[in-house]
Amino acid sequence: MTICSLVVYARPEHTKSVESELSALEGVEVHAASKEGKLVISVDHPDGANCSETIMGLHDMPGVINAALVYEYYE
Amino acid sequence: MPLSRREFIKTNAVAAAALSAGVTLPAGNKVLAQQDPGIRWDKASCRFCGTGCSVLAGVKNGRIVATQGDPDAPVNRGLMCIKGYFLTKIMYGKDRLTKPLLRKKNGKYDKNGAFEEVSWDEAFKIMAEKWIAARKAKGPKGVGMFGSGQWTVWEGYAAQKLLKAGFRSNSLEPNARHCMASAVGAFMRGFGIDEPMGCYDDLEHADVFVLWGANMAEMHPILWSRLTNTRLTKKGSEVHVLSTYEHRCFELADNGMVFEPQTDLAIANYIANYIIENKAYNKEFLDKHVNITKTATDIGYGLRASDPREKAAKNRAKGKLSKISFEDYAKAVSKYTLEYTSKLSKVPAEQLEKLAKIYADPNKKVSSYWTMGFNQHTRGVWVNGLVYNIHLLMGKISEPGNSPFSLTGQPSACGTAREVGTFTHRLPADLVVKNAKHRAFAEKIWKLPEGTIPGPKTDEGKTLIHAVAMHRALNDGKMSCFWVMCNNNMQAVANMNVESWPGWRNPDNFIAVSDPYPTVSAMAADLILPTAMWTEKEGAYGNAERRTQFWRQQVKAPGEARSDLWQVMEFAKYVKVEDVWPAGLIAKKPEYAGKTLYDVLYANGQVDAIAYPGKIVDERGNEYANDESEYFGYYV
């Protein structure tokens, strides 16, 4: 089981589009979004490799400037 | 409503992220995020890069199960990058090494044998036999150690004592020789002392950021977060990126420049020329603080002397600095006009000029960042120096926001390799082997007889041998024993086919590799020593901004794996002073006669002076082990 939480930094004008694209990803939930473009997400997927791919893929999402991992649990 | 375990963990995770982001969670999610009572949290410096983030490591049932960006950390303030994802996993691979492995045939060591499990005692016995013989037969260069900027501070220190004092050999080099050495060279030549004068706070103080061949978005993501934040929130902030190819940092760049390889040298000189021609330089600063020197060009490439490129070099390996006047310097850079530089570099003139303008503007605080684009450059020391020149011309140095900053890649290239000085030519604290006073100082501190550390004009003659030369020496039969710790040299080294591989497999040579996993280096060795990782031992790392961060041992290493520190100290028990030191040297400290290197270097009344109470207890009452202290019987 791998559960992670991240802060995603979107260009402020792209916050809404980034939020919907994130929500569409398997295992990803968006918990909060600020108007400055900061989004709080969790990634919960039984497949550990899928998790790391998902997190890496965040950087390439249009409108995303950066993604930072905050909490990571692995059992 | 009781939460499922999964929900409980997720709630904690999300709460932590919201805290780090400074974002309020909607009311529905504001469940009280309680600490999982089964997890013990303690802070540790991240295992991975030179940024030096602090993470909270969560231990449950003797395993690291969770990590969290440390919200109190000045460096990363609650955030981690993708590498943090792997901290909980790197220690638990299925093929983790747990016993020493020696190549054997018919029950005896054989370089062409298959690996067989042996005890630590057997491993160190054969290794000591080989090392003593090699040191005797081939002198100080007969043995060598290749360490790491991922060693903890005291692992580097113990290794330095073992080699320079114990084996009286300067054959100690870190893997940082293949990367940060250019930065070090430029620091020593420019400032007489190694390591940056700025700190990460410059990421918030600066107006303009210039990345010289550094891909911070992917390589130092947390620093990139801070830089990005400043760029997006500070009026007038700009980001300039120079690289030989477009990478992710270009997405944020106001001025992204792709230049022809090597022309960064010309671009830096063009900027200096622009500053001089526009009389933008800080004359007061220059008069008070700056000397200008020149050095020879056409110096070759550090290849073997027989290489035609070395034979063609007019000033092969020459590096002497000679003083010149400001006018001489101005004349030298005057040929780097905008037109010439643009043509040479293939960077459009308006972009180069935009870059020069912000350096030349006394009101713009500029922080320049570079890593391997500069340090693994063919002229790495020079290109580092040329950017220092720009900052020195403007006096944009050693003040908040104005910072030429060499980023380190490894977590402790600064803290261990450089500050401890685990280089062939160095001693701790920026002292150098070639200086007799420095050697005497080290000998006094280490309680050694005068003349122990070999240097020029001593009985051992020329003893310096850098990492590249070590592989050549192994290949040529000049070095017979080699110990690699905490790096994957066979995987990463340049010119492996021609020098390293034949060197390691030379039938006369005995190669020991300390590794947690069966890497290519381990597989290429004769003896594999299973090694403890990260928080399986107490440690400290010094990051790129020279911040040293400590951690307690969190979990035990698997099987018989031991830390690099334990290995170095324990190995020292297998060598007597008489095996390496000449009688005349021992006579200067007759109380050392009959003692092992372990007695003289470690159990010497100094290193072993602090008692170990059997466990480490933190301010919250949590208890931790310290396996090295437990084993040796004192706080190590």
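Trainee: In which sense do β2(A) and β3(A) pair, and over how many bridges?
Mentor: Strand β2(A) and strand β3 (residues 38-45) of chain A pair in the antiparallel sense, over five bridges, where pairing requires that DSSP finds at least two bridges between two strands. Strands (E, at least two residues) and helices (H or I, at least four) are DSSP runs, numbered from the N terminus. This is a predicted model, in which local features need pLDDT of at least 70 and side-chain atom pairs count only at pLDDT 80 or more, while totals for chains, interfaces and linings use all residues. Residues are numbered from 1 along each chain as its sequence is written, chains are lettered from A and ligands numbered from 1 in the order in which they are written, and side-chain values use heavy atoms, leaving out hydrogens and water.

Trainee: Okay, and which residue is the bridge partner of A:E29 in β3(A)?
Mentor: The partner of A:E29 there is A:S42.

Trainee: What is the strand order in the open sheet?
Mentor: Its seven strands run in the order β2(A)-β3(A)-β1(A)-β4(A)-β3(B)-β2(B)-β1(B), and the pairing is antiparallel. The edges are β2 (28-33) of chain A and β1 (40-45) of chain B, each of which pairs on one side only. On average, neighbouring strands of this sheet are turned by 25 degrees against each other, with direction ignored.

Trainee: Which strands does α2(A) touch?
Mentor: Helix α2 (residues 48-58) of chain A packs on the sheet and touches β1 (2-10), β2, β3 and β4 (64-74) of chain A, contact meaning heavy atoms within 4.5 Å. The direction of α2(A) makes about 5 degrees with that of β1(A); axes are lines fitted to C-alpha atoms, for helices over the stretch in contact, and angles run from 0 to 180 degrees between N-to-C directions.

Trainee: Switching to chain B, at what angle do α18(B) and α20(B) pack?
Mentor: Helix α18 (residues 467-476) and helix α20 (residues 496-505) of chain B pack at about 55 degrees, their axes 7 Å apart. They are therefore oblique to each other, since under 35 degrees counts as roughly parallel, over 145 as roughly antiparallel, 65 to 115 as roughly perpendicular and the rest as oblique.

Trainee: And how do α8(B) and α12(B) cross?
Mentor: The axes of helix α8 (residues 264-277) and helix α12 (residues 338-345) of chain B come within 9 Å and cross at roughly 165 degrees, which makes α8(B) roughly antiparallel to α12(B).

Trainee: Which residues of α8(B) make that contact?
Mentor: From α8(B) they are B:A266, B:I267 and B:Y270, which meet B:L338, B:T341, B:L344 and B:S345 of α12(B).
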